[in-house]
Amino acid sequence: MDTTRQEEFNDSLSATYGVAPATFDLDSLKNGITTGDQFLAQENTSGSLGNERICPRIQRDNPAKTINDLPPEILVRIIDAVLDEMAHLPYFLGGYYLATLKTLAAVCKWWETIIQSTPTFWTIIESTTTPDEMEYMLRKSGNCLLTFRQLIDSTLDVFPIGGVDGFDFLDFVSLNMARCYMLSVAMKWGSQAARVLKSPAPKLRAATIVASVCSIDKDIHLFDGQAGVLEDLWLSQIPIRWDLGLPTRLRRVEISYRSLPITRLPHPRQIVSGLSSCPEIEVVRLIGADMLFQRLNWTGLEVQMPTLELPMLKELKLENMSVGGSGYILRSLWSPVLRNLEVKERSQFDSIAALLHPPCPLLVEFVRRALPHNQLFSVTLESVRVDLQISGGESHVGISVRCGNPDELSRWLAEEFAAELSSVPELRLRVSSTRHQSEFQGLRKLLEALKNVERLICLNVDGGAGVVLAEHLASPHQASDGWHLNWPRLTHMELGDAWKWPTLALNVIRERYGASEKEPEAPDVGGLKRHAPAPLTSLWLDGMKSTHPETFEDIERIVGKKALDCVYDDVDCDGRDSE
């Protein structure tokens with residue numbers, strides 16, 4: 001229970017029983033009467049209490065025997081704990097709060113008295129209630145803040161049967177927004193919630209408004225600019241006036257325009273302007289429209305705004321805002337405490353250069369901060385898509401975009417982060433592209449920048465990228481003390497598609513480990529000593545044993561049966577089931 005609710009709850013106990021919860025009058029219970037009885041005397045819906053004993057007598061020196069022997073304030077807290085879970089359900093769940101309240105009240109007369117006498121128990125009003133029930137709950141809640149939840153049948157896209165009409169419920173909510181603390185509204189047409197969204201909400205702390213279809217003609221000035229304590233906001237298919245700013249106390253915001261026409265999307269400049277009104281913002285998630293058959297061309301992105309510092313921003317996710325639009329937003333923001341950064345573009349086909357150049361300080365510094373504590377470094381290059389995942393310490397960066405030149409990402413990493421990459425211990429690489437090896441110069445540079453890889457995990461490396469990787473593994477380079485193979489500390493290799501290129505895989509293993517297996521000391525090369533790499537402790541060749549058994553046996557003779565047994569037993573070194 002948050003602070004505001006706890007204060008209301010304590011005030012409710014004090015008002016109900018006339019004393020603070022910690023000093024509840026036990027002497028009054030000895031006579032079988034509580035001040036709660038006196039409170040209910042004015043409104044008794046279950047018949048006269050008379051001399052009926054509604055609670056067992058409690059002696060100071062007699063320990064409690066049943067739940068009804070507990071002091072009322074403890075019983076109230078127990079019931080509240082049950083109901084509090086229902087107050088924080090997702091927008092698509094619920095609908096049975098009042099029914100649960102009635103069930104608890106039907107346990108016994110004492111429980112009914114407790115529930116009838118506690119205003120905070122009547123503050124969650126759902127669209128499954130009838131008009132009379134809503135008015136009753138509004139009266140019973142006193143002056144407490146309210147939670148409104150409108151539910152929608154997710155399969156039929158209609159308001160649920162058995163409660164108030166959806167339009168009437170939203171009208172009821174709009175009339176009581178001044179007391180609204182939490183708002184959860186789901187509907188088919190966005191226009192149905194327009195009146196609620198335009199109503200001042202000075203006490204609102206959290207709002208979720210989800211529409212299946214946007215049917216709002218004009219962008220909405222959210223809550224008429226009067227939601228000064230709003231901290232959590234989630235909107236879906238609801239266009240708003242970014243240029244007028246967001247609520248100043250906002251901490252977490254998620255806004256989705258997934259099904260909106262591209263003409264209704266806010267310009268990146270408007271988004272940055274709106275965020276400037278939220279100095280305490282911690283989480284920002286923006287999801288643009290799915291534009292498989294449309295083209296989003298922002299204008300004015302070449303004129304960069306002054307950098308906006310958001311000192312508390314910890315998470316930033318941008319999806320389907322176009323590569324150029326996401327790049328503009330990233331170059332406009334700065335946060336010293338950012339922990340999670342994700343950029344996704346699944347619809348539009350664009351150049352990734354719009355995201356990487358000119359340099360984006362937020363992106364560059366965040367990647368630089370994550371690499372030294374690396375726990376995951378994963379690079380995926382496909383024909384028209386790139387994916388980068390980096391995790392280190394408490395930081396995570398993810399970039400997944402459709403683009404025309406995937407190798408540009410590899411080049412950017414190698415040139416911008418050469419120093420940090422030199423200490424990365426594990427590389428997860430996946431390349432599904434038929435491009436020639438000459439088109440993977442950026443990948444070649446990236447492999448060279450990764451100087452101390454100890455674990456290599458490749459699900460698949462197709463085309464020219466496979467040749468580039470093989471050359472890097474098998475080719476030595478000259479140093480002052482002799483010849484060294486790249487990645488001399490490499491002890492774990494997973495080549496998931498080596499069965500597709502068995503000859504190349506065998507040649508790589510032979511060139512890298514064959515000489516050291518045959519002779520105690522590696523032979524000299526051109527008068528200089530050739531230093532042997534660390535022996536493999538585990539080698540995984542998915543499918544090789546069954547498709548190319550002779551090649552598998554040749555590799556086994558080079559690296560040793562133990563290295564292969566590590567991954568071909570029942571469970572391999574990493575817990576993967578063997579083939």
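A salt bridge here is a Lys or Arg side-chain nitrogen within 4 Å of a carboxyl oxygen of Asp or Glu, and this structure holds 29 of them. Keep in mind that we're looking at a predicted model. The protein chain runs to 579 residues, 50% of them buried, and has 21 helices and 22 strands.

**Overall packing**
- Of the contacts between residues at least 6 apart in sequence, 70% join residues at least 24 apart.
- Helix α6 (residues 109–116) is mostly covered, with 8 of its 8 residues buried; among them are Lys109, Trp110, Trp111 and Glu112.

**The nonpolar core**
- The largest nonpolar core has 152 residues, and Leu183, Phe223, Leu316 and Trp487 are among those with the most contacts inside it.
- Helix α13 (residues 361–370) gives the most to this core, with 6 residues.
- Leu316 touches, among others, Val284, Leu330, Glu342 and Leu362.

**Salt bridges to look at**
- Arg346 and Glu319 meet at 3.7 Å, N to O. Arg346 sits in strand β11 and Glu319 in strand β9, so the pair ties together parts 27 residues apart in sequence.
- Glu319 counts as buried because its relative accessible area is 12%, under the 20% cut-off.
- Arg368 pairs with Glu420, with the closest N and O atoms 3.0 Å apart. This pair links helix α13 to helix α15, 52 residues apart.
- Arg368 is partly exposed at 24% relative accessible area, whereas Glu420 is buried at 15%.
- Lys344 and Glu342 form a bridge at 4.0 Å, and both belong to a salt-bridge network that also includes Glu254, Arg285, Glu315 and Lys317.

How values were computed:
Residues numbered from 1 in each chain as written. Predicted model: local features only at pLDDT ≥ 70, side-chain atom pairs only at ≥ 80, totals over all residues. Heavy atoms only, no water. Helix = DSSP H or I, 4+ residues; strand = E, 2+ residues; numbered from the N terminus. Buried < 20%, exposed > 50% of the residue type's maximum accessible area, 1.4 Å probe, protein only. Contact = heavy atoms within 4.5 Å. Core = buried A, V, L, I, M, F, W, Y, C linked by side-chain atoms within 4.5 Å. Lists of a residue's contacts leave out its neighbours within four places in sequence.
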